[in-house]
Amino acid sequence: MAKPKVATTHMTGCFGCHMSLLDIDERIVDLIQLVDFDKSPINDIKKFTGPVDVGIIEGGVSTQENVEVLRMFRKYCKILVAVGECALTGGIPSLRNTVPLKECVEEAYLKGFTVVDGVIPNDPDIPLLLDRVYPCHEVVKIDYFLPGCPPPADAYWAALTALLEGREPELPYELIKYD
Amino acid sequence: MDKIAIIIDGKEVEAKAGQTIMETAIAAGIYIPHLCYQEELAPGGHCRVCTVLVNGRPQSSCTHPAAEGMVIDNDTPELLEERRRIIEMLFVEGNHICPFCEKQGNCELQALAYRFGMIVPTLPYLHRKIEVDATHPDVFIDRNRCVLCGRCIRASRDVDGKNVFGFEGRGPQKSIALNTKGALSDTQLDAADKAASICPTGSIVVKRVGYAIPYGKRKFDKEPIGSEIEKAK
């Protein structure tokens, strides 16, 4: 029987949640015995090779590209897990949600202290910003949430092994944190 | 009559005359979840987290006196659900971004959410724009994280004798006001005041002491809020 497949992606976050996944230390060796990694920044595979069992989403949704990636993950992944505060609530990037987008961009590119000859970037290769940063579950259906900033490595391990064995993940009190 | 017999969650408990349901429960080692109630202060009855059913009717246990023969429901799935809802609403009405808050791990709002099993709020965030007042040299007030519990008001009035804080506005406009036309630095607040350290969240914080306790050793890292009351008996 082929090994279950896992895909991961990073959207509007800091990659800390991926770092925390690597913090499972030598258990990463056990993990790759259990699963094959599909599209993921860990192995740098850019495109899905086919349907995937578990998709892990880090980061909130702040651009047009994030929406496309998230919808693609929903399409390819049987189970979708949002990990970390940015994916769950918008997190620190959602601080900009209290400021209208126009003001936010003008402050960064035109009016900021250190700006010289400012211009608002408008290259067609740069994804357009959304009006605000959204949590993943406001864009697609998310099956499981792993809170934390980042979620502890042990929380990843407990949740992933449970999902791969077909059990409902149950995390002990000390592994559920919002910070 | 000095001794009053009441029943909380089927267990007979003895109250002293003048005690509230909350005080009786704590003395008996029963945890009634609460947020605005603080043992050292007069009860406020603001947050409604401690709502219990007294003979079938909802009452805030921090303000309701115990009376002979009362039958109280506290630990029921319905009340847990109501309490989780209140905490969720407090999360989405404010801007509670735990990852960079000085109070993380020691915050009672966060701890209650953990205890009630909130993984992520099911309601959308309001993202209201709220200013921070960091003018005071030793203390700041960040109303993004304020839950309107009024502890600072009661502490400043009753313990510090200064009346630095008060409520203003109604409904969604309600906020903590300062007893000055100026900023926090224009008030009599001192970092040693009770009001500067009584906030359950990271709204009123003494400067330069944040993040002193490492992750894993903070107040609510290992055990849920309320465990200390449950373990006392």
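**View 1. Helices H2(B) and H3(B) cross in a left-handed manner.** A crossing is called left-handed if the near helix is turned anticlockwise from the far one by less than a right angle, and right-handed if clockwise. In this predicted model, local features need pLDDT of at least 70 and side-chain atom pairs count only at pLDDT 80 or more, while totals for chains, interfaces and linings use all residues. Residues are numbered from 1 along each chain as its sequence is written, chains are lettered from A in the order in which they are written, and side-chain values use heavy atoms, leaving out hydrogens and water. Helix H2 (residues 77-93) and helix H3 (residues 108-115) of chain B pack at an angle of about 135°, their axes being 10 Å apart.

**View 2. Residues joining H2(B) and H3(B).** B:Ile87, B:Leu90 and B:Phe91 of H2(B) meet B:Leu109, B:Gln110, B:Leu112 and B:Ala113 of H3(B), contact meaning heavy atoms within 4.5 Å. Six of these residues are nonpolar, one is polar and none is charged.

**View 3. The interface of chain A and chain B.** Here 23 residues of chain A are in contact with 28 residues of chain B. About 2,200 Å² is buried between the chains, 65% of it on carbon and sulfur atoms (accessible area, 1.4 Å probe, lost on being put together, summed over both parts). In chain A, A:Tyr173, A:Tyr178 and A:Asp179 lose the most area to chain B, together 38% of what that side buries.

**View 4. The salt bridge between B:Arg218 and A:Asp179.** Their side chains meet at 2.9 Å, N to O, the criterion being a side-chain nitrogen of Lys or Arg within 4 Å of a carboxyl oxygen of Asp or Glu. The count between chain A and chain B is one salt bridge.

Note on methods:
Axes are lines fitted to C-alpha atoms, for helices over the stretch in contact, and angles run from 0 to 180 degrees between N-to-C directions. Helices (H or I, at least four residues) and strands (E, at least two) are DSSP runs, numbered from the N terminus. Ala, Val, Leu, Ile, Met, Phe, Trp, Tyr, Cys and Pro count as nonpolar, Asp, Glu, Lys and Arg as charged, and the others, Gly among them, as polar. Buried area is the accessible area (1.4 Å probe) that two parts lose on being put together, summed over both.
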